[in-house]
Structure formats: C-alpha cells, structure tokens
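Reader: I am new to this structure. Where do I start?
Author: Take a look first, then ask about one feature at a time.

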Amino acid sequence: PSAWPSGWLTGLRARGGIGVDLKWEHGEGTLAVLTPDQPGELTVRVPAHQRVLSITSAGRPVKFTPAPQSTPNENGALRFTAEPHQKYEVSLASRQ
C-alpha cells in the first residue's frame, strides 16, 4: 500500500506449502525468500515491470529457466528445482 512504501513481511504461505518472506522499497519488490516444504519445481512470477536478477540458496547461485510457454521477457515466469526446507532468495529489479 502507498502508506508503506518500504517494508518487510514474513510468514506468508503460498500454494504447495511454500513459506514466503517479502521485502520492498519505494513500492517495488526487491527480495522474495521462498522456503518450500517439499522438493520439486517452483515457478516464480514477477510483475511485468520487474525482472529477476538472481536466485541464490546458501549464497550459491541457483539455475533457473523460463517456465513452460513463457519467456522472462513476456511475463517474468521462471522455474527452478528446489529442495525442502532450503531458503531461496529471489532478487528483483525494475525492467528499466
């Protein structure tokens, strides 16, 4: 909300048993931390005006690819393989 231009939210849950923490600055997402309960493929979608800079886990880069029938330039949908209870940091930026 416009009343909270910057902040951090923890403890959200996404479909499939995924913990979600979010950070935003100037009204735009800057970081999402995803913690899945189960192993498997995760799909990340970001707003059209943003892009994924990187995905890391334990300080190491995580390889990601466009989700099926999508390209990062189209709608920002990406997919990567996740292990249970690992934290995955998704860094975001504007498409400028």
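Author: Start with the term strand: strands are DSSP runs of at least two residues, numbered from the N terminus. The model is predicted.

Reader: Where is His85 placed?
Author: His85 lies in the loop between strand S8 (78-82) and strand S9 (88-94). Its phi is positive, about 65°, although His85 is not a glycine.

Reader: Is His85 buried or exposed?
Author: Exposed means over 50% relative accessible area. His85 is at 60%, so it counts as exposed.

Reader: Which loop holds Ala58?
Author: The loop between strand S5 (50-57) and strand S6 (60-61). Ala58 is not a glycine, yet it has a positive phi of about 55°. Ala58 is exposed, because its relative accessible area is 72%.

Reader: How is a pair of aromatic rings described?
Author: By the distance of the centres and the angle of the planes. Here the count comes to 1 aromatic pair. Phe80 and Tyr88 form it, with 5.2 Å centre to centre and 50° between the planes. That pair is tilted.

Reader: Are Phe80 and Tyr88 buried or exposed?
Author: Phe80 is buried, and Tyr88 is buried too.

Reader: What is Thr65 in contact with, leaving aside its neighbours within four places in sequence?
Author: Thr65 is in contact with Ala77, Leu78 and Arg79. Thr65 itself sits in strand S7 (residues 65-66). At 35% relative accessibility, Thr65 counts as partly exposed.

Reader: What separates the C-alpha atoms of Thr65 and Ser6?
Author: They are separated by 29 Å, and the two residues are 59 residues apart along the chain.

Note on methods
Residues are numbered from 1 along each chain as its sequence is written. This is a predicted model: local features need pLDDT of at least 70, side-chain atom pairs count only at pLDDT 80 or more; totals for chains, interfaces and linings use all residues. Side-chain values use heavy atoms; hydrogens and water are left out. Rings of Phe, Tyr and Trp (its six-membered ring) pair if their centres lie within 6.5 Å; planes under 30 degrees apart count as stacked, over 60 as edge-to-face and the rest as tilted. Buried means under 20% relative accessible area, exposed over 50%, partly exposed in between (1.4 Å probe, protein chains only). Helices (H or I, at least four residues) and strands (E, at least two) are DSSP runs, numbered from the N terminus. Contact means heavy atoms within 4.5 Å.
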